[in-house]
Amino acid sequence: SLTSTTNVQPMKMYRAFFLLLLWSPQCVLPINPGFRTEITQKGLDYVCQVGIPLLTRQLESLSIPDQSGKYNAPVIGGIYYTLSNIKVTQFSIPSSSLTAAAGTGIRMAASGVAVQMTANWKYSNHGWIHISDSGSCDVSASSVSLALVIGIGVDSGGRPTVTASSCTFNIGHIDVHFHGGASWLYNLFDGKIADGIKSGLEGQVCNVAKNEINTQASKALASLPVEEKLSPNAEINFQLTQAPNFAPSYLQTFHKGEFIFIPHPAEPPFEPPPLPAAANVSNSMMTIWITDYIANTAGYVYQEAGILQKNITQDTLPPNNFFSLNTSSFKIFAPELYEKYPNKAMQLLVSATSAPFINITTSFINLTAPGEVVAFVLVDEKTTVNAFTLGITVHATVHVALRKNGSQEIVTGNATYLRSDISLIKSNVGDVKTESLQAIVNFLCPIGIIKLNSSE
């Protein structure tokens, strides 16, 4: 298997992390995954560092439900008050953490939180002195702490579900300062009203948070696609194969990573190989373990689609090369070919006879591509003749690395041609010396490798 560790742009890292995290089935039969991710505490710390400012901006646009209560004031009697149109104007989170909650999901904790709010107030008194008034007020909450545990599951279709399994929201101190009306009077007992607001807010903030997660977030995730269409013939399935593993220093997610042939979806005739145990990657934010299953299902799909073929003509060869696609070049290898069709142009149809096979090791990727080469003679502008057919199996290696691209690092691959095994399948021009043809094959195969390496 192949590992890849990298730093990416903050927003992309943040989105990618949560997508990977939320695809976590708990009712899917565990099978070997096509790829696995390991997110360390360093990665969680980074997500927290990037995510908290985003969360803060969201909370600053939060509207708090109206608060109502009663306060018994001396002489005046019972005062019924209502705070409405409560809006957060400032939300500060100086200390926060994001950790794995063993066997459950993710725990977010924040402390020392300070919140500034504005609201409209009104009150009425039903005592022996009947009075009523209204105005605005500023509300300040300090020494606030928040702890939220989000459980992660999956529905029967492999899509993620989220549940707010626990939530605590504690306000250390709250101040209310009234404006308008007889504010000087109400500021005398703002502490009592503040206690009522504090009690109401502590319960309702968690209710709002749970409702957002259990209802709104779950509804959005229910329509989350687990497949991505790549072409008219192929799509990739990236749902998880089992529940994530939450360890003290990292968490793991297990993904199917399978290419699917859209016209005729079917499981490939092979299964993912087992992945090694978790590595010591504490210095990295994320590690991705990739099996050869992904590449082999891709090869299987594109072979089924019939697109693993290439027509080679003289125009496709590099300029100024020593070899030309002409019967004169094959004079030594197929004498009868030249005798029948002297100095005629040729073309080669190279196609896969079965899906290419890839084997990934910790050092490099081995590629074996079985196929055939059909040689045609261009007799004239309208006539082509099938000369001979060769069976050919190409062996190559691919070295994968990370390349710097501005602030990003992207995965790159460099293929190296090793050898080809050649056999004669059919000939319409007599004897074809396959041993001697090896030199031509050794010339043509690296051309395709060079084009592959230079493509983006």
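**Strands, cores and one glutamate**

Reader: Which strand pairs with β14, and how do the two run?
Author: Strand β11, residues 234-237, is joined to β14 by four bridges, and the two run antiparallel. Keep in mind that this is a predicted model.

Reader: Which residue in β14 is the bridge partner of Ile236?
Author: That is Phe259.

Reader: And which way do the residues of β14 point?
Author: Strand β14 covers residues 258-261. Glu258 and Ile260 point one way, Phe259 and Phe261 the other way, and all of them are buried.

Reader: Zooming out, how many helices and strands are there?
Author: The protein chain has seven helices and 21 strands.

Reader: How much of the chain is buried?
Author: 41% of its 456 residues count as buried. As for the surface, the chain exposes about 23,100 Å², and carbon and sulfur atoms supply 55% of that.

Reader: Which residues touch the most other members in the largest nonpolar core?
Author: Met117, Cys137 and Ile174 do, in a core of 48 residues. At least two residues of this core come from each of α2 (41-59), β5 (77-92), β7 (105-125), β8 (132-154), β9 (160-179) and α4 (190-222).

Reader: Which of them supplies the largest share?
Author: β7, with nine residues.

Reader: Back to Cys137. What does it touch?
Author: Leaving out residues up to four places away in sequence, Cys137 touches Leu83, Met117, Thr118, Ala119, Trp121, Val176, His177, Phe178 and His179.

Reader: What does the second core include?
Author: That core is separate and has 27 residues, among them Tyr341, Met346, Ala375 and Phe443.

Reader: New topic: Glu38. Where is it?
Author: Glu38 lies in strand β2, which spans residues 35-40.

Reader: Buried or exposed, and why?
Author: Glu38 counts as buried because its relative accessibility is 0%, and the cut-off for buried is under 20%.

Reader: Which side chains does Glu38 make polar contacts with?
Author: One is the side chain of Gln252, at 3.2 Å. Another polar contact, also listed at 3.2 Å, joins the side chains of Glu38 and Trp289.

Reader: Fine. I'll go and find those on screen.

Technical notes. Residues are numbered from 1 along each chain as its sequence is written. This is a predicted model: local features need pLDDT of at least 70, side-chain atom pairs count only at pLDDT 80 or more; totals for chains, interfaces and linings use all residues. Side-chain values use heavy atoms; hydrogens and water are left out. Buried means under 20% relative accessible area, exposed over 50%, partly exposed in between (1.4 Å probe, protein chains only). A polar contact is a pair of N or O atoms within 3.5 Å; within protein, one must be able to donate a hydrogen and the other to accept it, and residues adjacent in sequence count only if both atoms are side-chain atoms. Two strands pair if DSSP finds at least two bridges between them. Accessible areas come from the Shrake-Rupley method with a 1.4 Å probe; for residues, only the protein chains shown count as cover. A nonpolar core is a set of buried Ala, Val, Leu, Ile, Met, Phe, Trp, Tyr and Cys residues joined through side-chain atoms within 4.5 Å. Contact means heavy atoms within 4.5 Å.
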